[in-house]
Number of protein chains: 2
Amino acid sequence: MSDGPAAKRLKADDAYKLTYWPGLPGRGEPIRLLFEEAGVDFEDGAQTAEAVPQVLAQIDTANLGDEHNAPPLAPPVLQHGDLLISQTPNILMYLAPKLGLGPPASSDDLYRLNALVLTVFDGLCNEIHDCHHPICTSLYYEDQKPEALRRSISFVTSRLPKYLEYFDRVIRANKQRDVANADQPWLFGPSLTYADLVLFQCLDGTQHQFTKAMTALQDAGQYEQVFALYAAVKARPRIAAYLASERRVPYGLGVYRHYDELDVLPEKKKEEKKD
Amino acid sequence: MSDGPAAKRLKADDAYKLTYWPGLPGRGEPIRLLFEEAGVDFEDGAQTAEAVPQVLAQIDTANLGDEHNAPPLAPPVLQHGDLLISQTPNILMYLAPKLGLGPPASSDDLYRLNALVLTVFDGLCNEIHDCHHPICTSLYYEDQKPEALRRSISFVTSRLPKYLEYFDRVIRANKQRDVANADQPWLFGPSLTYADLVLFQCLDGTQHQFTKAMTALQDAGQYEQVFALYAAVKARPRIAAYLASERRVPYGLGVYRHYDELDVLPEKKKEEKKD
């Protein structure tokens, strides 16, 4: 390979490039929110005509990666210079310090934030996806409807309150830790971080899938710290502009899905808890 | 608070302390494997008489964390000096550079490894846990047995091969990337990393839960890179000594569970795939 100007130009190419399915926000959306809030340009492969072939090339079982990187199993995939990485929480943790939405890469606080982010994804993304796909991701929803209904009722009855109570408490703990900034609504520290953007997006998706349960909780004044954080992120000028733009894609058949028959309310008598 | 010798001693206390449920390996086990392979001491709360109260104190809904840390939602929890963090992949990513089982904290390679680790947990831990708890973690297995059987059959038929093929390919890609080290069995780079320990532990758990399916695959000579990595980790002197010791806890009612009725073989005709 030449060491001339062309090679140099390639090396200096520090554009961020996201590869993801087109037509649904999915697991790519939290990544987009970071770029939008930071006001940093990125190439969104999902917005191009090549979106599907780009994803298929990455997940092809013949893909052996390249001289620097292992192949990814699934999108989203972020390319940045020589680096190619997958897994949403991983991409977010890589980006946050670079975009001014998190502490430096080797700081303890980044691991404090990553714990929160992984917990948001566990409870308000992965568990919710499995409400419409409890038996197998490889089957259609229509092939697992009775199980999906049962899981959805269990989720809004016992799991959703558990997670919302937790994030409400994390925000209250943050206010208590930093009394001088007790009027700020964030999860950790005195200013917005990428963890707040992630919680916003996952609450938004939860609201899309379980509209009745989430509306009932908000109307009842429960988890008010959580709903205040949601509103505060939504009101950020760059986020508000993004949400109003055509770049924000409707939910469709992604991680979060609205099926009327799964939009259930909690059971009155809670199912017995175990672990 | 005094700034005298006592406070200083506390500050200099760099012991690693793990808080986790006693009596099952669970999500604490990959963390233990890192310490064992590194030969670094740690306090394993699960081995003490205070194990359960320690966990309950951390997950109490009255816990607001401390002056440095948010409260965790669930164990495992790692304490190291002032830092207290939860979430297994997060704890592992924090520890790996410090224990010599991963590249430096701010290096791109750590994010390359973290992508692999998160994918191992997705496929060979979380999806497998949900095979015995497809409807709700808060219900007993006995309350979701038909769904668990259906999910287990789907898992070994369509998901297990997908993940094993992927990790087999990642190892082959690593050999191809580094021809000089093509005889090493690892996922990424020329020597063992924490990602290899994680894959080992999750394969071991998968073998425990789906003994028939895993044995059939190995006997058929499939995914031989994956099984070679498993054997190579198992033969590491410190890992072998640990596995033979009383510190290694039997599986029991943790993430990986052996129920004879769920120890199924793949369906001959694969269920139609979707995403």
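Select B:Arg159 and B:Glu127: both residues are buried. This is a predicted model. The two side chains form a salt bridge, with the closest N and O atoms 2.7 Å apart.

**Stop 1: a salt-bridge network in chain A**

Go to chain A. Select A:Glu29, A:Arg32, A:Asp44, A:Asp204 and A:Arg248. Salt bridges with shared partners join these five into one network. Over all chains, the structure holds 24 salt bridges.

**Stop 2: B:Asp204**

Now move to chain B and pick B:Asp204. This residue lies in helix α7 of chain B, residues 194–209. Is B:Asp204 buried or exposed? Its relative accessible area is 12%, so B:Asp204 is buried, the cut-off being under 20%. Show the side chain of B:Arg248 as well. The side chain of B:Asp204 makes a polar contact with that side chain at 2.8 Å. Beyond its neighbours within four places in sequence, B:Asp204 is in contact with B:Tyr230, B:Arg248 and B:Tyr251.

**Stop 3: A:Leu199**

Return to chain A and select A:Leu199. Helix α7 of chain A, residues 194–209, carries this leucine. A:Leu199 is buried, with a relative accessible area of 0%. Which residues is A:Leu199 in contact with, leaving aside its neighbours within four places in sequence? They are A:Val120, A:Leu124, A:Phe167, A:Leu187 and A:Leu229.

**Stop 4: into helix α5 of chain A**

Select A:Ser107. This serine lies in the loop between α4 (88–98) and α5 of chain A. A:Ser107 has a relative accessible area of 18% and is buried. Follow its side chain: it reaches the backbone oxygen of A:Pro104 at 2.9 Å.

Step into the helix. Select A:Asp109 and A:Arg112. They form a salt bridge, with 2.7 Å between the closest N and O atoms. Both belong to helix α5 of chain A, residues 108–132, and because they are three residues apart there, about one helical turn separates them. An α-helix has 3.6 residues a turn, so residues three or four places apart point the same way. Color the pair by accessibility. A:Arg112 counts as buried at 11% relative accessibility. A:Asp109 is partly exposed, at 31%.

**Stop 5: one side of helix α3**

Select residues 51–59 of chain A, which make up helix α3. Which residues of this helix are buried? They are A:Ala51, A:Val55 and A:Gln58. Look down the axis. These residues cover an arc of only 60 degrees around it, which puts them on the same side of α3(A).

**Stop 6: where the chains meet**

Show both chains. Chain B and chain A bury about 6200 Å² between them, with 54% of that on carbon and sulfur atoms. How many residues does the contact take from each chain? It takes 67 from chain B and 67 from chain A.

Look for polar links. Across the interface, 32 residue pairs are in polar contact, both residues being at pLDDT 80 or more. On the side of chain B that touches chain A, the elements that give two or more residues are β4 (83–86), α4 (88–98), α5 (108–132) and α6 (145–177) of chain B. Highlight α6(B), which gives the most to that side, with 16 residues. By class, that side of chain B has 26 nonpolar, 17 polar and 24 charged residues.

**Last stop: two salt bridges across the interface**

The interface of chain B and chain A holds two salt bridges. Select A:Glu147 and B:Arg150. Their closest N and O atoms are 3.0 Å apart. This pair crosses between chains, from helix α6 (residues 145–177) of chain A to helix α6 of chain B. A:Glu147 is buried, with a relative accessible area of 11%. B:Arg150 counts as partly exposed, at 29% relative accessibility.

Finish with B:Glu147 and A:Arg150. Their side chains meet in a salt bridge, N to O, at 3.0 Å.

How values were computed:
Residues numbered from 1 in each chain as written. Chains lettered and ligands numbered in written order. Predicted model: local features only at pLDDT ≥ 70, side-chain atom pairs only at ≥ 80, totals over all residues. Heavy atoms only, no water. Buried < 20%, exposed > 50% of the residue type's maximum accessible area, 1.4 Å probe, protein only. Helix = DSSP H or I, 4+ residues; strand = E, 2+ residues; numbered from the N terminus. Arc of directions from axis to C-beta. Contact = heavy atoms within 4.5 Å. Buried area = accessible area lost by both parts, 1.4 Å probe. Salt bridge = Lys/Arg side-chain N within 4 Å of Asp/Glu carboxyl O. Polar contact = N/O pair within 3.5 Å; in protein donor to acceptor, adjacent residues only side chain to side chain. Nonpolar A, V, L, I, M, F, W, Y, C, P; charged D, E, K, R; others polar.
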